[in-house]
Amino acid sequence: MKMYRLIFYSLFVTIFLSCKEQRAPITETETKPKTNVIFLMVDDLGYGDLGSFGQEVIKTPALDQLAKEGTRFTQVYAGSPVCAPSRSVLMTGQHTGHTKVRGNFAAIDVPELPVAGRIPLATEDTTIAELLKTNGYITGMFGKWGLGEATTSGEPNLKGFDEWFGFNNQRRAHNHYPDYVWHNQDTFKIEANANHVEGKHVHELFSDFTFKFLEANKDTSFFMYLPYTLPHDDFKATEEFKALYADKGWSEQELNYAGMVSMIDADVQKLMDKLTEYGIADHTMLFFCSDNGAANRYDDVFNSSGALKGRKRDVYEGGIRTPMIVWMPGTVPAGKVNNYPWYFPDVLPTICEVTDTESIKNTDGISVLPAILGKEMPESDRFMYWEFHENGYDRAVRWKNWKGVIIGKDGAMELYDLSKDEAEENNVAEENPEVVNTMLEYLKTARSPSIYWPVDAQSN
């Protein structure tokens, strides 16, 4: 009997050791795949246009579900109160006092450009996409670029995107039924829209390219930037989505605006479903926001700016604060509301940390990944800065709970305590001279000179 036990034990040990030797080691990539990033930024959506941010009549069930399954950030700011500079801030991590593109058009004549005044990103301007490509990420963009016309140094394929489809020029992006857009460095003709026929809504094409890219790259590490053109003017939704509000008695513009927001919402639902279907939701971080404040307040109808003062082209809260939702099941806390203040310059260093990519030094942002992960971040002592040139050089500064606003080159600083006065109704500059002086001192060094947006060229 002892002999049988000995033979059995020896056989067991032999089999165990054999299996152990043959088992392949678990690699880091198997246990912890790289995090994919999707940054979905829509165009001119107001702070109050989502149900999770107070909207009561426009239907946004998918985005509301995104907020329930992710974290809603209530004090996030775009890079600028208008299109192109906000996108430049996002891509470069530099605020409007440092980034290359500080306005939709230069403040001086630049006739040698393909479109006069449309300043492109330069070769030396590093984008998020360029950084992630060095880390092996596949990069795609579908929507509106606005940071470099064709043949310039700012073309998307020259700024880190493996594939892109959409508008180079933000003025052409006003048309949701164009006869052509760009696919990489070639024009993509939309035959259904030839001769000014409105046969194919361009957003449907953006959606098609989005999901083709997602399917093709679901087994790789990818960064997808989705700067969709909805709900920007020209206000035109497809009939399917306008029909959702046919009984409301709204104006044609209001009907189309609500329909456009619902078109965005439908794509968000598709995106969540596809990420789940492909089994990559748990290692894909999805950001949702707007590029600036609401173009129209729609007071007493949608209340698109919510309780905030101003709208697009204002450096008040309604012009620069954006609804922000971050979603990544199992990583980003679900159903949380986070009031930590951050802004577009923070996106680049944050995504770099998320993806374990080496960042750049010349950024005005910080990584806010701890806040996204639900961890406490210390009260920031830094200044957040905006300058805007279309109205004659307006500026804004946020420092802790304080917001400073200067309208015009020689305007006096207005001061608001956002912890008590989110609507910026009570200017408390006279009562807080120390705070005003601190901000004015900061403004002396807040910006670097720009040949395209010289301060001396601005009028009051």
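**Close-up views of a predicted model**

**View 1. Strand S13 and the strands on either side of it.** Both faces of S13 are covered, with Asp 394, Ala 396 and Arg 398 buried on one side and Arg 395, Val 397 and Trp 399 buried on the other, where buried means under 20% relative accessible area, exposed over 50% and partly exposed in between, computed with a 1.4 Å probe on protein chains only. Since 6 of the 6 residues of S13 (residues 394–399) are buried, the strand is largely enclosed by the rest of the structure; helices (H or I, at least four residues) and strands (E, at least two) are DSSP runs, numbered from the N terminus. This is a predicted model, in which local features need pLDDT of at least 70 and side-chain atom pairs count only at pLDDT 80 or more, while totals for chains, interfaces and linings use all residues. Residues are numbered from 1 along each chain as its sequence is written, and side-chain values use heavy atoms, with hydrogens and water left out. Strand S12 (residues 383–388) runs antiparallel to S13 and is joined to it by 6 bridges, two strands being paired if DSSP finds at least two bridges between them. Glu 387 stands opposite Arg 395 in S13, and the hairpin formed by S12 and S13 has 5 residues between the strands, with Gly 392 in the turn at a positive phi of about 105 degrees. Strand S14 (residues 402–406) is also antiparallel to S13, through 5 bridges, and Val 397 stands opposite Gly 404 in S14. The hairpin of S13 and S14 has 2 residues between the strands, and Lys 400 in that turn has a positive phi of about 55 degrees.

**View 2. The largest nonpolar core and Phe 288.** A nonpolar core is a set of buried Ala, Val, Leu, Ile, Met, Phe, Trp, Tyr and Cys residues joined through side-chain atoms within 4.5 Å. The largest one has 55 residues, of which Leu 40, Leu 66, Leu 214, Val 268, Leu 271 and Phe 288 touch the most other members. Among the elements that give two or more residues to this core are strand S1 (36–42), helix H3 (61–69) and helix H8 (252–277), and H8 supplies the largest share, 11 residues. Leaving aside residues up to four places away in sequence, the contacts of Phe 288 include Leu 40, Leu 66, Val 268 and Met 324, contact meaning heavy atoms within 4.5 Å.
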